Amino acid sequence: MHAIFEYLPLVIFFVFYKFGDLYWATGSLIVTSALQILYYVIKKQPIPKRNWIFFALIAVFGGLTIFFQDDAFIKWKVTIINALFAIVLVVSQSFFNKNLIKELMGESLPLPENIWTKLNLAWAIFFMVCAILNIYIAYNFPLETWVNFKVFGLMGLTFTFAILTVFALYKYLPQDNDENKANEENN
C-alpha cells in the first residue's frame, strides 16, 4: 500500500499527460505531491525528509515549467533528483563515514562491511547513470518518449537493479536453519 501511495503522483502525472498535456500533468504532479504532505499532517505523522525534498523540487521545477511554458525545467528535475541521490550516497560514505544503504537495510540484512561499501557505491553509480540517461533521452527524443521513460523506464530500471542487487547479495544472506540441517545430514 505504501508503494502505491509513493507512486500515486507519478501515475496521476502520466494520466494527465495522456489526456491533457505536459503542463496539466505537471500541475497535477505538484498538487498530488502537496496532498501527500497534507496526508502526513492530517494523520499527525512526521513527514519524511524524502517527501519534503521531492515536493520542493517538484514545486520549484514544476512551477517554473508551468510559468515559463518550458518543459526543460520538469525534465531537469528527474536528473537533479537522481544526481542528488548519487552524490548524497558518496558524500555520506566518504566524508561522514555513514553508509546510508546500510542504515536503511542494515537491521534486516547482516552483511560484511566491505559489501555494504560496494552496495552503496553500486547504487550511487546506478542513480548517476539514471540522471545521465534521463537528460540524454529528454533532449534527444520526443517528449512522448521522455514521459514514457520517466514513468515506466526509470521505474523498470530501478526494479531490475534492485532484483540484480538481491541476486548479488544472495550468497551473503543467512540460510534457513532447516536447509542447513538437511545439508549437515547429507554430509
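Visitor: How many aromatic pairs does a search of the whole structure find?
Guide: The search finds twelve aromatic pairs. Please note that this is a predicted model.

Visitor: What kind of pair do Phe14 and Phe152 form?
Guide: Phe14 and Phe152 form an edge-to-face pair, with 4.9 Å from centre to centre and 80° between the planes.

Visitor: Where in the chain are those two?
Guide: Phe14 belongs to helix 1 (residues 2-19) and Phe152 to helix 7 (residues 143-169). The pair links distant parts of the chain, as the two residues are 138 residues apart.

Visitor: Is Phe14 buried or exposed, and why?
Guide: Phe14 is buried, because its relative accessible area is 17%, and buried means under 20%. Phe152, by contrast, is partly exposed, with a relative accessible area of 46%.

Visitor: Why is the pair of Tyr136 and Phe141 edge-to-face?
Guide: The planes of Tyr136 and Phe141 are at 70°, so the pair is edge-to-face; the cut-off for that class is over 60 degrees. The ring centres of Tyr136 and Phe141 are 6.1 Å apart.

Visitor: How accessible are Tyr136 and Phe141?
Guide: Tyr136 is partly exposed at 46% relative accessibility. Phe141 is partly exposed as well, with a relative accessible area of 39%.

Visitor: Which residues do ring pairs link into a cluster?
Guide: The cluster consists of Phe54, Phe85, Trp123, Phe126, Phe127 and Phe161, linked by ring pairs.

Visitor: On to charges. Which ring does the charged end of Lys75 sit over?
Guide: The charged end of Lys75 sits over the ring of Tyr139, 5.6 Å from the ring centre.

Visitor: And what about Lys150?
Guide: Lys150 has its charged end over the ring of Phe13, 4.7 Å from the centre of that ring.

How values were computed
Residues are numbered from 1 along each chain as its sequence is written. This is a predicted model: local features need pLDDT of at least 70, side-chain atom pairs count only at pLDDT 80 or more; totals for chains, interfaces and linings use all residues. Side-chain values use heavy atoms; hydrogens and water are left out. Rings of Phe, Tyr and Trp (its six-membered ring) pair if their centres lie within 6.5 Å; planes under 30 degrees apart count as stacked, over 60 as edge-to-face and the rest as tilted. Helices (H or I, at least four residues) and strands (E, at least two) are DSSP runs, numbered from the N terminus. Buried means under 20% relative accessible area, exposed over 50%, partly exposed in between (1.4 Å probe, protein chains only). A charge sits over a ring if NZ of Lys or CZ of Arg is within 6 Å of the ring centre and within 35 degrees of the ring normal.
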